[in-house]
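Here is a short note for a colleague who is new to this model. Please read it beside the sequence and the structure.

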Amino acid sequence: MVVTTIYVTRHAFRVSYTLNTATGEYHTNSPSPTNIPSDPPLAAYGVQQSHELALLLGKLDPPVDYLYSSPFYRCLQTLEPAVQNLGPGIRVRADNGIGEWYGIASFHHPSPATPALLKSLFPSSFDDTYQPSLIPPPAGETVAQLHDRVAVALAHIIASVDAENTARDTSILLCTHAATLIAVGRTLTGNMPDDPNVDDFLAPTAGITKFLRKQDSKLDVSKPSGHGTAKSIGVVDWRNGQGVAGGWTCVLNGNCDHLTGGAERSWRFSGEETLGDLASGQKLASAEAGKVLSPSG
């Protein structure tokens, strides 16, 4: 059998941080457990949201069988209460392919913490045996490259779970970031708007979006083993209504009925994000696209 349902949530309300776009230096007044300034924890209000989300996740029909997350701390922290509600054996697989989106920059964006450190921070929930589908380019991505990167990651996540389960249909939950969540919706449904800035898929903190698979098709995509743009690691043909793995229908979009505060801090694209010197950033991104490095363990 195959994956028939995908749930997607954005991390809960986080602590803020700032970026000096000229130097690439990040700063926060609330130290992160990972000691990475751009990797903040949840704010107290976000912790409350994560517990309210966990109550919902424990009641979903069909139930969640697999948890996948961005490797950034706020996403893993958002899922921590849910792990306790979903029963024994549930572990979180951190995949950089559904990690944060950073625009093209003249410097390297920060990477998330190592799997070893994340295992020490989330000892009972973090699956340190899982290998991520890909590593995004450290010099950032265009909006189009983000979507193609997410399509590749989703193809491998879906195909791997399809291969693991032959006895019954299964459901996946993804915990990610606003831009990535929007890209997930577009690549699953195959609907890329002419204007990427439109509000098609909603991304409030700790909301829930649900997709149902259209058909039982499987993709034959070789597993990427490097980082760079989606072009350098493989491409999934998802546009023009095709969608990843046969296409999906969105039946719930950014719902927040489970949250006391309702929908908050939604986000949408507002053009490309270019940080630092544009020419230097494009040159660095081009150089990184040609590299092939093994994903961190």
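Predicted model: local features only at pLDDT ≥ 70, side-chain atom pairs only at ≥ 80, totals over all residues.

1. Residues are numbered from 1 along each chain as its sequence is written, and side-chain values use heavy atoms, with hydrogens and water left out.

2. Aromatic pairs come next. Rings of Phe, Tyr and Trp (its six-membered ring) pair if their centres lie within 6.5 Å; planes under 30 degrees apart count as stacked, over 60 as edge-to-face and the rest as tilted. The count is 8 aromatic pairs. Y68 and Y130 are edge-to-face, because their ring centres are 5.6 Å apart and their planes stand at 80°.

3. That pair links distant parts of the chain, 62 residues apart. Y68 lies in strand β4 (residues 66–69), and Y130 in the loop between α3 (115–121) and α4 (143–164). Helices (H or I, at least four residues) and strands (E, at least two) are DSSP runs, numbered from the N terminus.

4. Buried means under 20% relative accessible area, exposed over 50%, partly exposed in between (1.4 Å probe, protein chains only). Y68 is buried at 0%. Y130 is buried too, at 15%.

5. Ring pairs also join W101, W267 and F269 into a cluster.

6. Now strand β8 (residues 208–213). Of its 6 residues, 5 are buried, so β8 is largely enclosed by the rest of the structure. Two strands pair if DSSP finds at least two bridges between them. Strand β1 (residues 3–10) runs antiparallel to β8, with 4 bridges; Y7 has K210 as its bridge partner. Strand β9 (residues 248–255) is also antiparallel to β8, with 5 bridges; R213 is partnered by W248.
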